[in-house]
Protein chains: 2
Amino acid sequence: MRVNLITLGVADVAAATAFYERLGWRKSSASNADVTFFHSSGSVLGLYGRAALAEDAHVPDSEPGFSGVALARNFPSEAEVDAAFAHAVQCGATPVKSPQKVFWGGYSGYIADPDGHLWEYAHNPLMPLDDQGRMTLPE
Amino acid sequence: MRVNLITLGVADVAAATAFYERLGWRKSSASNADVTFFHSSGSVLGLYGRAALAEDAHVPDSEPGFSGVALARNFPSEAEVDAAFAHAVQCGATPVKSPQKVFWGGYSGYIADPDGHLWEYAHNPLMPLDDQGRMTLPE
């Protein structure tokens, strides 16, 4: 089983695309003015207009609040979490929770992208990254 | 770049876990009463209490509305979309948009999980799946 594509609904596809490119995401040539697809070694990341996404799914749009979804990037060390977090803020992300030791034994912070989508930046010593950067889940 | 983990905030972790297990997702032994991690060949899928997720991220919880996020599973054929969609509904998903031909040249429908998280079930002939089930994005 896999998630093939994660689509984030955004107010301005061009502005959100520029933000993610500053973070280091690389755009596929399949992208156009309405939709962006970023290369990923996990699930593909897409950007699409928020209203268009609601319309595509046949659901009513609503005021953005807490989405109930968090995406996470994991790093091999606390220092790399700090560096990536600082870089994201330089790129225009909103710092939401500074990286800190957390109760489950790891180190984690959160940023919000320009549309409020939450990204956790974490180091999880209990699920080390393999040589392809994947979290190692116990069976 | 990769998304390591996609966490969905849910009202009842046990009920949501049972739903995803019926769909065929396989739970890691790292799961406990508060959090579930599902094995995935893409980004790991996690379930966590919605209020706990908001608290972890230091953001206010809000009434669930349109999350602005859609996750997608892609299938090699329209028939497989139909079969997976029907199976999801049998497993307790809410059918939101029946699978149908869509403007971008594919075939797509949406279900909602018990917490309203949207999943697109799609066949995309423009981005065929490779032998590991990954969407092939043009450079």
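In this predicted model, helix H1 (residues 13-23) of chain A lies across E1, E2 and E3 of chain A and runs at about 150° to E3(A). In chain B, helix H3 (residues 78-90) packs on the sheet, where it touches E4, E5, strand E6 (107-112) and strand E7 (118-123) of that chain. The direction of H3 makes about 10° with that of E6(B).

The strands named here belong to an open sheet of seven strands with mixed pairing, in the order E2(A)-E3(A)-E1(A)-E4(B)-E7(B)-E6(B)-E5(B). Strand E2 (35-38) of chain A and E5 of chain B stand at the edges; each has a single partner strand, so one side of each is left without a neighbour in the sheet. On average, neighbouring strands of this sheet are turned by 20° against each other, direction ignored.

Within chain A, strand E1 (residues 5-10) and strand E3 (residues 44-49) run parallel and are joined by six bridges. One of the residues paired in this way is Ile6(A), whose bridge partner in E3(A) is Leu45(A). Pairing also takes place between the chains: strand E4 (residues 69-74) of chain A runs antiparallel to E1(B), with four bridges between them. Here Ala70(A) stands opposite Thr7(B) in E1(B).

The contact between the chains takes 54 residues from chain A and 54 residues from chain B. On the side of chain B that touches chain A, at least two residues each come from strand E1 (5-10), strand E3 (44-49), helix H2 (50-57), strand E4 (69-74) and strand E5 (94-101) of chain B. E4(B) gives the most to this side, with six residues. By residue class, the side of chain B that touches chain A divides into 28 nonpolar, 18 polar and eight charged residues.

Chain B is superposed on chain A by a rotation of 180° with 0.0 Å of shift along its axis, at an RMSD of 0.0 Å. This is the relation of a two-fold axis. Of the interface residues of chain B, 100% are also interface residues in chain A, so the copies meet through the same surface.

In soluble globular proteins, nonpolar side chains tend to be buried together. The largest nonpolar core of the model has 78 residues, and those with the most contacts inside it are Ile6(A) and Ile6(B). Apart from its neighbours within four places in sequence, Ile6(A) is in contact with Ser43(A), Leu45(A), Gly46(A) and Leu71(A), and with Val3(B), Ile6(B) and Leu71(B).

Key. Residues numbered from 1 in each chain as written. Chains lettered and ligands numbered in written order. Predicted model: local features only at pLDDT ≥ 70, side-chain atom pairs only at ≥ 80, totals over all residues. Contact = placed C-beta atoms within 7 Å. Nonpolar A, V, L, I, M, F, W, Y, C, P; charged D, E, K, R; others polar. Pairing = 2+ DSSP bridges. Least-squares fit on C-alpha atoms with pLDDT ≥ 70 in both. Core = buried A, V, L, I, M, F, W, Y, C linked by C-beta atoms within 7 Å. Buried ≥ 20, exposed ≤ 12 C-beta atoms within 10 Å, placed from the backbone. Axes fitted to C-alpha atoms, helices over the stretch in contact; angles between N-to-C directions.
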